[in-house]
Each structure stands twice: as structure tokens, then as C-alpha cells.
Amino acid sequence: MARRALITGITGQDGSYLAEHLLHEGYEVWGLVRGQANPRVSRVRQLLQDVKLVRGDLLDQGSLISAVEKVRPDEVYNLGAISFVPMSWEQAELTAEVTGMGVLRVLEAIRVCSGITAARGAGSGQIRFYQASSSEMFGQVRETPQNERTPFHPRSPYGVAKAYGHFLTQNYRESYGMYAVSGILFNHESPRRGAEFVTRKVSLGVARIKLGLAGELRLGNMEARRDWGFAGDYARAMHMMLQAAEPEDYVIGTGRTHSVRELVEAAFGAAGLDWEQYVVCDQALHRPAEVDLLCADPKKARTQLGWEPTVSFEELVAMMVEADVALLAGGGDPHQDSSWP
């Protein structure tokens, strides 16, 4: 029988790439959705016709237990979160409930459905759990590059909530013997990235200027540096983590950093434009507590899993600009995720 995977956050960028990868690997893939009225559900069905959907909510413990009982998955990937960092200041409590406590509820659903207690640990054939941790947990970094042993100092409610979920995953692994791992993923982008994220904001801004639909692009901190990679590569890493003999946490990134300024230069260059003629720096767009530098040390994933990124920074930026020029030229709406192929 085909292995079954249950993905929370199936309607997001990472969920779509992971579902595609697992379907290609022969899995029966289920996606958790809050309800059929979710406008993204129809787009998931269009993109991923073989994915089955089950109702559930990261805010509702009972619904998660019901979903796990119905699907009976071999693997659970928890990608669901409020993932836009600036929004986490505006909705800090909701971010804590979904991004932080949601991890607890998924782990509890797996534990309850598997019959695991303090006296009865996980046996063979147990459900394997993946938690989407984040480089935002490092925040005000104490060393560069960052690896699995680098201390956390998150600088946003989102980063704090992710750190809670990360430590909770470790705790369930150590306390109950569950196969539970975290992937500490650095920034990963694609044409499917939400329009509110800086990479997509830049690629859409370039596309609008290229097509004569806008005359400027307003950005915040141009000197912040990130380790940017392609989301499809990172989805492959998630799957590889759950195939390892022993459950361990891994940092996933390219090991190279670029500033927002370099991102802008590459994006405008891909469209044959001079960025200095169009970009305006806006202090109002700076974060309350900025994270200036994040850079991964992916040595462990490379040596133990054999994972390597396949798409360069320059290729990624060009891919996003080309996709958004085509999207807007065709009358598409980026806020409706119509950039998905």
C-alpha cells in the first residue's frame, strides 16, 4: 500500500511543493483545511488534483484528533502557521495560538491516536512528525553561520512562537520516544510566495514597473541580509528528514547570504531595468525589532541526508520576476495566488 502523508498548511507555498514531491514519490497525500469555503481550496484542487482533503483546525484539538484518526497517516508535516513576520506584531496572540500552540495540538493528536502514554512509548511503525521550524528563531544571532546548536534569540512574536514549537517537538521526542523532527528552514521563496513577503513584493513591483503599471517600489530596510533558497528544494529536504533512521533536527539553507539591496538589483536586472530609478526607501516599513543577518550552515543536512540546493539565488530571482511579468500581463491577481501554475 502507498504511504500516507497528512500536511497542515497545504494551501501555502511550502504545502503545495511538498504535496507535489510526495505525490511524485507515490504517496497518498492528504491536506488539512479549515473548511471547504476557504478560497484557496479550489486552487489546491486545481494544482494538486490527486490530493485528498480533510477538515481540521490548528485551534481545535478535537478536529485534529478526528483528522488523524480518519487519515491514519504514516507521516505528518506541520506547515500550518501565521507565517508573515510583520503581521505577528499586529496579531501576536493569534500567532501564539496557531504557530505555537498549534504544534502542541498536532503532537497531542498523534500521541492520543497512537496510544502513547508516559508508561507506553511509541513502538515500531509509529507516525513520523515533521515540524516546520524557522531561522527567525535565531533572531539576534550570536554566531554566523547558524547551525543546529546555535542559541535562539527571536526578535518577533512569530520567532518566539516557532521556538516554542521547536522545543516542544524535541520534548515529545525525548519524553515519549516519538519520531518527531524539526527542520530549521532559512528563507525559501518561489513564484507561489505570498504577495506580502519582501521577495514577492520586489518581483511584483518589478513586473508592474516593467509593464507600465507602476512608477516606484517602496521598501524598508535595504541592508538586511538573508539566506534565500528555492522552496521546492526545501520541501524535498522535509521529506528526506523523515526517511532517516533516527529522528534529528536539521538546518536547511544555502550557506550564502544576500541583502535586500542585492535582491532588488538582481530583480530589476532580470527585467532590464535600473533599480535606482524606481526604488524608494520608506522608514515606515522597518520592523519594530529588525533581524539583520541570517545565514545557514547546512553541513549536517548535506553530510547526513545528502541534501543539496539545486536553484541558485540568481535563478530564483529571475524565475520569480518572469512569473510575475507573465501573471500581470495576463491579467492575473497576485493576491489570489493565481501565480501558481
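Which strands does helix H6 (residues 157-176) lie across, and at what angle does H6 run to E5? Please go on from there to the sheet and the parts around it.

A: The model is a predicted one. In it, helix H6 lies across strand E5 (128-134) and strand E6 (180-185), and its direction is at about 150° to that of E5.

The two strands under discussion are partners. E5 and E6 pair in the parallel sense, over 6 bridges. One of the residue pairs is Gln131 with Ser182, its bridge partner in E6. In general, strands of a sheet pair through backbone hydrogen bonds, either parallel or antiparallel.

E6 can be followed residue by residue. Ala180, Ser182 and Ile184 point one way from the strand, while Val181, Gly183 and Leu185 point the other way. All of these residues are buried. Since 6 of the 6 residues of E6 are buried, the strand is largely enclosed by the rest of the structure. Buried here means under 20% relative accessible area.

Next comes the sheet as a whole. E5 and E6 belong to an open sheet of 7 strands, in the order E3-E2-E1-E4-E5-E6-E11, with parallel pairing. Its edge strands are E3 (52-55) and E11 (250-252), each of which pairs on one side only. On average, neighbouring strands of this sheet are turned by 25° against each other, with direction ignored.

Gly31 has Leu53 as its bridge partner in E3. Helix H3 (residues 61-71) packs on the sheet here, touching strand E1 (4-8), E2 and E3, and its direction makes about 145° with that of E3.

A search of the whole structure finds 1 cavity of 30 Å³ or more. The largest cavity has a volume of about 50 Å³. Its lining consists of Leu6, Thr8, Leu32, Leu64, Ala67, Val68, Val76, Val106 and Ala109. The elements that give two or more residues to this lining are E1, H3 and helix H5 (92-114). H3 gives the largest share, 3 residues.

The buried residues are Gln13, Asp14, Gly15, Ser16, Tyr17, Leu18, Ala19, His21 and Leu22. Just after H1, Gly26 takes a positive phi of about 90°.

Trp307 lies between helix H10 (299-305) and helix H11 (313-329). Trp307 counts as buried because its relative accessibility is 1%. Leaving aside neighbours within four places in sequence, its contacts are Asp233, Tyr234, Arg236, Ala237, Met240, Ile252, Gly253, Pro298, Ala301 and Arg302. Trp307 and Ala296 are 11 residues apart in sequence, and their C-alpha atoms are 14 Å apart in space.

Key: Residues are numbered from 1 along each chain as its sequence is written. This is a predicted model: local features need pLDDT of at least 70, side-chain atom pairs count only at pLDDT 80 or more; totals for chains, interfaces and linings use all residues. Side-chain values use heavy atoms; hydrogens and water are left out. Buried means under 20% relative accessible area, exposed over 50%, partly exposed in between (1.4 Å probe, protein chains only). Helices (H or I, at least four residues) and strands (E, at least two) are DSSP runs, numbered from the N terminus. Two strands pair if DSSP finds at least two bridges between them. Axes are lines fitted to C-alpha atoms, for helices over the stretch in contact, and angles run from 0 to 180 degrees between N-to-C directions. Contact means heavy atoms within 4.5 Å. On a 1 Å grid over the protein atoms alone, a cavity is a set of points where a 1.4 Å probe fits but cannot get out, and a pocket is an open set with protein on both sides within 12 Å along at least five of seven lines; lining residues have an atom within 4 Å of a point. Grid points are joined across faces, edges and corners, and a volume is the space filled by probe spheres set on the points.
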